[in-house]
Amino acid sequence: MAEPNLQTGPLAPDRTRDRTAVLNQLMLSAVVVALAALGVITTPFPGDIALFFLGVLSVFVMTALTLLIPWNRVAVGWMAVVPAADMLAIAVLRASSPPSGLGLLWLFPVMWLASSFGLAGLVGGVVATVVLFATVVLLDPAHHVTYSTFLLPLVLLALAASSYLTARRFAAQRSLLDKQAQVLAAALERTRRQEQEVTEVLDAVDFGVVRIDADGSTAVTNEAHGRLQRALQVGHAPAAYQDDGTTPLPPDEFPLERALRGEAFSGQLVWFGDPTGPRHVLSVTARRLTDTAGHDLGAVVVSRDVTAELAALQARDELVASVSHELRTPLTSILGYLDLVLDDPSVPVAARRSIEIAERNAERLLAIVADILAASRRPHAVTAQLPIEPADIDVRPLVRAAVESMLPRAAERRVRIDDTGVGEVWAHVDAHRLRQVLDNLIANAVKYNVDGGQVRIDAAVDGSDVCIEVTDTGVGIAEHDLQRLFQRFYRGRSVRSSGMTGTGLGLAISREIVRAHGGDITVRSEPGVGSTFTVRVPQARSVP
Ligand code: ADP
């Protein structure tokens with residue numbers, strides 16, 4: 001990027017002093033030339049013409065010197081010699097013809113001294129002029145000191161003071177401008193460095209970044225974006241497909257097209273390449289940028305190659321699905337044979353108790369396998385809704401049935417389940433699915449409880465929702481686990497190390513079910529004290 005060079009000073013030769021000297025001296029000599037011409041034309045000359053031309057010559061000599069001397073290379077003080085010599089020359093001119101008012105020419109050197117040499121120049125110039133003027137006046141026997149004798153020195157003094165003040169103001173402004181220029185240069189340098197840092201960071205990351213301006217032009221792209229484009233364009237431009245990998249993506253649904261239309265979106269999956277050949281899948285996110293006044297500044301589009309990630313997820317789901325499928329058949333057979341054994345009245349009571357425990361655990365195992373299968377059949381179905389058949393039902397008997405089925409397991413750990421807080425509340429839900437959610441929440445409340453702990457279930461109408469709460473006095477959930485609890489296969493850190501069995505699917509499936517009803521499930525917890533899971537589902541449309 002080209003930068004304006006704001007630097008003046010040592011690099012660029014400063015010709016200011018040359019210019020000041022030449023300008024001041026030329027102004028004086030121009031006036032003197034005019035006066036000399038008039039002196040020749042005017043006859044008779046009112047004074048001593050020889051003396052007059054001596055003065056004129058002196059001014060010319062000083063002008064010649066001024067033009068020849070490189071003032072920037074000599075000390076500043078030397079430049080004051082020129083106006084000083086001019087003063088003497090003007091004194092000669094004034095003496096050559098006292099009535100002509102040539103003393104006015106002192107204005108030039110006095111103003112020069114006052115504006116270029118500060119207070120010393122002002123005082124020196126005025127004092128020298130007054131002394132010269134007084135000398136010339138005293139040497140002139142014909143001059144009578146009158147009221148007007150003082151006019152010239154006073155005017156010179158006023159003008160010199162005004163030049164001095166103007167010069168000071170100008171110098172102050174200039175120094176302010178210099179400072180501002182320095183600040184500006186530093187700010188520019190900082191911005192340039194920041195821009196460079198941002199570019200380096202952008203080039204270092206492995207996701208593509210495109211910055212689109214408000215007019216739709218591409219302002220910035222990083223290296224990763226170029227790499228992604230090259231990887232996709234091997235041979236010819238590849239066909240693009242929607243997130244299912246098979247439906248062709250219409251041209252106006254391409255992420256960049258959408259961003260150019262002003263849309264903001266996140267995680268749009270686009271498959272590139274035919275389903276039969278090698279393919280890449282990109283996850284693309286577009287964010288709108290606005291200034292502080294809310295005006296649109298364009299967008300940033302970020303794309304990431306998630307081919308390997310999706311392949312890994314798919315492989316995991318396939319493995320989980322096939323393992324669970326393989327487990328289901330022998331499990332069903334085990335349950336069948338256990339049933340047959342229990343049907344036999346000759347089985348002794350002690351053996352019957354053991355077989356019943358085995359049957360309960362086998363049933364639990366079958367439920368787990370069913371959960372895993374259900375989850376892996378719907379691997380990345382973000383948009384596909386879970387099928388539900390809602391109807392207006394009373395929640396109380398549903399809770400009661402879920403509690404009853406959990407009582408044997410609760411008894412093993414001496415956990416008391418209290419559902420007296422469940423009133424007669426009617427919800428518009430799929431009873432089978434809601435039972436699945438309740439089973440899971442109550443099972444967790446018992447499983448993650450302490451021996452001899454408590455579980456309380458409440459249900460009440462809250463606005464247009466029915467709110468069901470399952471509260472336990474168990475181990476609680478750590479802050480870092482809370483955010484990920486509802487992700488599939490996620491299990492709490494302490495739970496994983498404790499050896500407690502589980503799949504990490506129950507809450508994910510529960511949330512999916514509740515959301516399919518248009519509700520939500522949330523959790524509050526305090527480690528060591530207990531947790532409360534809250535389910536919100538729509539209230540019944542007509543309460544009997
Ligand atoms: P699973 O119980 O099979 O591990 P879930 O999806 O039902 O899977 O639960 C996920 C995780 O949430 C559990 O592993 C556990 O860490 C945590 N959790 C769920 N319910 C509770 C609870 N009532 N108290 C403490 N932790 C819980």
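Which helices each supply at least two residues of the nonpolar patch? They are α1 (16–41) and α2 (49–68). The model described here is predicted.

## Nonpolar surface patch

Five residues, L38, V40, I41, I49 and F53, make up a nonpolar patch on the surface. Together they have about 470 Å² of accessible area. Helix α1 gives the most to this patch, with three residues.

I41 is one of the patch residues and is found in helix α1. Its relative accessible area is 63%. Exposed means over 50%, so I41 is classed as exposed.

Two packed helices are described by the angle between their axes and the distance between the axes. For α1 and α2, the axes come within 9 Å and cross at roughly 155°. Angles over 145 degrees count as roughly antiparallel, and α1 and α2 are therefore roughly antiparallel to each other. Their crossing is left-handed. These two helices are also the ones that each supply at least two residues of the nonpolar patch.

Helix α2 also packs with α3, their axes coming within 7 Å and crossing at roughly 165°. The α2 and α3 pair is therefore roughly antiparallel as well. Here too the crossing is left-handed, with α2 passing α3.

## Helices α3 and α5

Helix α3 covers residues 81–96 and helix α5 covers residues 118–139. The two pack at an angle of about 25°, and their axes lie 10 Å apart. The cut-off for roughly parallel is an angle under 35 degrees, so α3 and α5 are roughly parallel to each other. The crossing in which α3 passes α5 is right-handed.

## Salt bridges

Side chains of opposite charge can pair when their charged atoms come close. How many salt bridges does the structure hold? The total is 17.

One of them joins the side chains of E189 and R192, at 3.0 Å from N to O. Both residues lie in helix α6 (residues 151–204), where they are three residues apart, about one turn of the helix. E189 has a relative accessible area of 30% and is partly exposed. R192, at 28%, is partly exposed too.

## A bridge between strands

D465 and R536 form a salt bridge in which the closest N and O atoms are 3.3 Å apart. This pair links distant parts of the chain, with D465 in strand β11 (residues 465–472) and R536 in strand β13 (residues 530–538), 71 residues apart. D465 is partly exposed, its relative accessible area being 24%. R536 is also partly exposed, with a value of 28%.

## A further pair and a network

R515 and D520 are partners in another salt bridge, with 3.1 Å between the closest N and O atoms. The relative accessibility of D520 is 30%, which counts as partly exposed. For R515 the figure is 42%, and this residue counts as partly exposed as well.

## A buried aspartate

Is D317 buried or exposed? D317 is buried, with a relative accessible area of 4%; the limit for buried is under 20%. Its place is in helix α9 (residues 307–343). D317 and L256 are separated by 61 residues in sequence and by 31 Å in space, C-alpha to C-alpha.

## Positive phi angles in loops

Which loop holds R414? R414 sits in the loop between α11 (395–412) and β8 (416–422). Its phi is near 55°, a positive value in a residue other than glycine. R414 has 60% relative accessibility and so counts as exposed.

F489 is found in the loop between α13 (479–482) and α14 (493–498). Its phi is near 65°, again a positive value in a residue other than glycine. With 24% relative accessibility, F489 counts as partly exposed.

Notes. Residues are numbered from 1 along each chain as its sequence is written. This is a predicted model: local features need pLDDT of at least 70, side-chain atom pairs count only at pLDDT 80 or more; totals for chains, interfaces and linings use all residues. Side-chain values use heavy atoms; hydrogens and water are left out. Patches are made of residues with over 30% relative accessible area and no salt bridge: like charges are joined within 9 Å, nonpolar side chains (Val, Leu, Ile, Met, Phe, Trp, Tyr) within 5 Å. Accessible areas come from the Shrake-Rupley method with a 1.4 Å probe; for residues, only the protein chains shown count as cover. A salt bridge is a side-chain nitrogen of Lys or Arg within 4 Å of a carboxyl oxygen of Asp or Glu. Helices (H or I, at least four residues) and strands (E, at least two) are DSSP runs, numbered from the N terminus. Buried means under 20% relative accessible area, exposed over 50%, partly exposed in between (1.4 Å probe, protein chains only). Axes are lines fitted to C-alpha atoms, for helices over the stretch in contact, and angles run from 0 to 180 degrees between N-to-C directions. Angles under 35 degrees count as roughly parallel, over 145 as roughly antiparallel, 65 to 115 as roughly perpendicular and the rest as oblique. A crossing is left-handed if the near helix is turned anticlockwise from the far one by less than a right angle, and right-handed if clockwise.
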